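Trainee: Please show me the model, and let us go through how its terms are applied.

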Amino acid sequence: MKNHYVLILTFIIVILTACKSDEDKINYIVPIQAENLAVDIEEALNNYDADFLKDNFNINSFTKKISFKKIPKHIRSSVVYFLRRLVRDALGSIAETNKLNNQKTELIELYQKDNAVRAIYSISDSTGTSADNVVFYLQPNNQGDYYIANHYHVASGYSISQLIQSALSMQVDVPLGKQLEMMDAYQTLAEARHQLNSGNPDGALDLVREIKSPYSNYVILRSGIIQVLLLIDNNELIYEKLNYEIEFNPNEVSKKYYLYYLSLLNDQDRDDLSEEQLDALTDYSEVLFTH
């Protein structure tokens with residue numbers, strides 16, 4: 001896979017920062033508590049410390065914002081349990097992926113926009129090649145201490161809040177029998193992750209192929225499937241899945257990332273970026289650092 005060229009990314013960040021207007025409502029002066037947490041997150045990712053990420057995600061605050069009115073009372077506790085597992089899986093998978101691929105995480109942007117401090121990280125491999133980005137949204141509690149309010153892994157396509165909303169919609173809109181089959185598919189995905197982390201990418205790919213439509217089209221599975229496939233070289237499914245996301249994913253940042261990724265896959269013999277690839281990288285960087 002081609003280099004993203006960290007110097008090019010840095011140049012783009014500088015240009016975009018200089019071009020931002022007051023209308024963007026972006027503030028680069030952030031509370032020291034938020035900055036400290038952002039640095040601690042960087043350290044946790046580089047030490048593959050998934051527990052730190054999970055411990056600093058305020059799931060109780062998150063679930064208080066969710067309406068359970070449409071969820072039958074007798075299954076609400078099991079729904080909350082599944083949501084907690086979903087959050088822990090999403091956060092834990094970043095640290096696991098970093099460890100599996102000997103990746104390094106660097107905090108490259110920190111600013112306040114709307115009601116959250118956004119910490120943007122670059123994830124690079126051992127050669128310094130930037131392969132992915134992740135965004136943590138930090139907010140203060142009543143005591144002024146900052147916590148992780150949301151998390152968006154660009155390559156996997158969705159934020160934690162979107163995964164949770166998808167899971168809740170499934171509880172309301174999908175018949176119970178289909179929900180049980182969905183949980184079986186989710187367990188298959190978990191086993192695929194385990195096989196990948198155990199050094200068996202072929203086994204992981206076989207398990208992903210077992211997850212069929214319509215279940216593979218649900219957001220909570222689509223996100224995990226893409227995350228697994230992006231870590232497996234030379235698999236034909238990645239083209240199908242990324243093109244599907246480019247059409248249906250609601251997040252412009254991930255769409256631009258997939259377009260850039262596909263431009264690299266379609267021209268793997270170059271040692272530098274083509275004009276098309278550079279344009280795709282610029283488009284991706286622009287939406288990433290202004291979203």
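**Cavities and a helix pair**

Mentor: Helix 5, helix 7 and helix 9 each supply at least two residues to the lining of the second largest cavity. This is a predicted model, where local features need pLDDT of at least 70, side-chain atom pairs count only at pLDDT 80 or more, and totals for chains, interfaces and linings use all residues. Residues are numbered from 1 along each chain as its sequence is written, and side-chain values use heavy atoms, with hydrogens and water left out.

Trainee: What makes a set of points a cavity?

Mentor: On a 1 Å grid over the protein atoms alone, a 1.4 Å probe fits at the points but cannot get out, and lining residues have an atom within 4 Å of a point. The second largest cavity holds about 80 Å³ of space, a volume being the space filled by probe spheres set on the points. Its lining includes Ser93, Arg193 and Gln227.

Trainee: Which residues are closest to the centre of the largest cavity?

Mentor: The largest cavity has a volume of about 130 Å³. Of its 18 lining residues, Ala90, Leu163, Arg193, Ser223 and Gln227 are closest to the centre. Helix 5 gives the largest share of that lining, 5 residues.

Trainee: Why are helix 9 and helix 10 called oblique to each other?

Mentor: Their axes, lines fitted to C-alpha atoms over the stretch in contact, pack at an angle of about 140°. Angles under 35 degrees count as roughly parallel, over 145 as roughly antiparallel, 65 to 115 as roughly perpendicular and the rest as oblique. Helix 9 and helix 10 are therefore oblique.

Conventions: Axes are lines fitted to C-alpha atoms, for helices over the stretch in contact, and angles run from 0 to 180 degrees between N-to-C directions. Helices (H or I, at least four residues) and strands (E, at least two) are DSSP runs, numbered from the N terminus. On a 1 Å grid over the protein atoms alone, a cavity is a set of points where a 1.4 Å probe fits but cannot get out, and a pocket is an open set with protein on both sides within 12 Å along at least five of seven lines; lining residues have an atom within 4 Å of a point.
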